[in-house]
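Hello,

Here is the structure that I said I would pass on. My notes on it follow below.

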Amino acid sequence: MTKIILGLVGQLAAGKGTVVAYLKANHQAQAFRYSDPLRQTLDLFNLEISRDNMQRLSTVLRQNFREDILAGAMLKRIATADAELIIIDGVRRFTDIENLTKFPEFHLVYIKTDQAKRYERYLKRNENIGDNAMTFEEFKTKDEAEADCQVPEVGQQAKLVIDNNGSLEQLHQQVENILTQLHGS
């Protein structure tokens, strides 16, 4: 089987994590998130692992070292991965795409979901401290945050698109359709 690398781009709570979980459970995918090194660093220094802290740390690293520092960490992880299916969760910037396209097996997948549905899912998942207390207005502001402002434009670069406004079964079927399409090419 040919190696496939899928980069998932989508706004906050679009369903990237749900796609990753499905692919890990059903296709033995190996997954990496751009936020992993940020979470590990915050944990190492005993700092709260919150979305705001991850965004601050990302900004500090990019401003003081280089813009593609997290992309470089991702390339290192991909190069050492041994799975046939590798998932990159959280492609957000054009520098991410520039680096990931160094792998001919890379395919960008844009997961599109309505804002109200994303907000509802965000509250339910409660991934980071304080997530379940966020208002809809605060959530809308997150879409415009520095870490996420490029997501819609980056998503427009994707040849593969998932509409995640339906059921979980519909989401899974779209993922299967993409895999079938890629295995056929």
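**Aromatic pairs**

There are 3 aromatic pairs in the structure. Rings of Phe, Tyr and Trp (its six-membered ring) pair if their centres lie within 6.5 Å; planes under 30 degrees apart count as stacked, over 60 as edge-to-face and the rest as tilted. Tyr119 and Phe136 make an edge-to-face pair, because their ring centres are 5.1 Å apart and their planes stand at 65°. This pair links distant parts of the chain, with Tyr119 in helix α6 (residues 115-125) and Phe136 in helix α7 (residues 136-143), 17 residues apart. The rings of Tyr122 and Phe139 have centres 5.4 Å apart and planes at 55°, so that pair is tilted. Tyr122 belongs to α6 and Phe139 to α7, so here too parts 17 residues apart in sequence are tied together. Tyr119, Tyr122, Phe136 and Phe139 form one aromatic cluster.

Please note that this is a predicted model: local features need pLDDT of at least 70, side-chain atom pairs count only at pLDDT 80 or more, and totals for chains, interfaces and linings use all residues. Residues are numbered from 1 along each chain as its sequence is written, and side-chain values use heavy atoms, with hydrogens and water left out.

Buried means under 20% relative accessible area, exposed over 50%, and partly exposed in between (1.4 Å probe, protein chains only). Tyr122 is buried at 0%, and Phe139 is buried at 0%. Tyr119 counts as buried at 16%, whereas Phe136 is partly exposed at 29%.

**Sheet and helices**

Helices (H or I, at least four residues) and strands (E, at least two) are DSSP runs, numbered from the N terminus. An open sheet is formed by 5 strands in the order β2-β3-β1-β4-β5, with parallel pairing; two strands pair if DSSP finds at least two bridges between them. Its edge strands, β2 and β5 (160-163), each pair on one side only. Strand β1 (residues 4-9) runs parallel to β3 (residues 85-89) and is joined to it by 5 bridges. In this pairing, Leu6 stands opposite Ile87. Helix α9 (residues 168-184) packs on the sheet and touches β1, β3, β4 (106-112) and β5, where contact means heavy atoms within 4.5 Å.

In helix α2 (residues 36-44), the buried residues are Asp36, Pro37, Leu38, Arg39 and Leu42. Their cover includes β2 (30-33), α3 (51-64) and α4 (69-80). After α2 comes Asn46, with a positive phi near 55°.

Regards

Definitions and conventions
Axes are lines fitted to C-alpha atoms, for helices over the stretch in contact, and angles run from 0 to 180 degrees between N-to-C directions.
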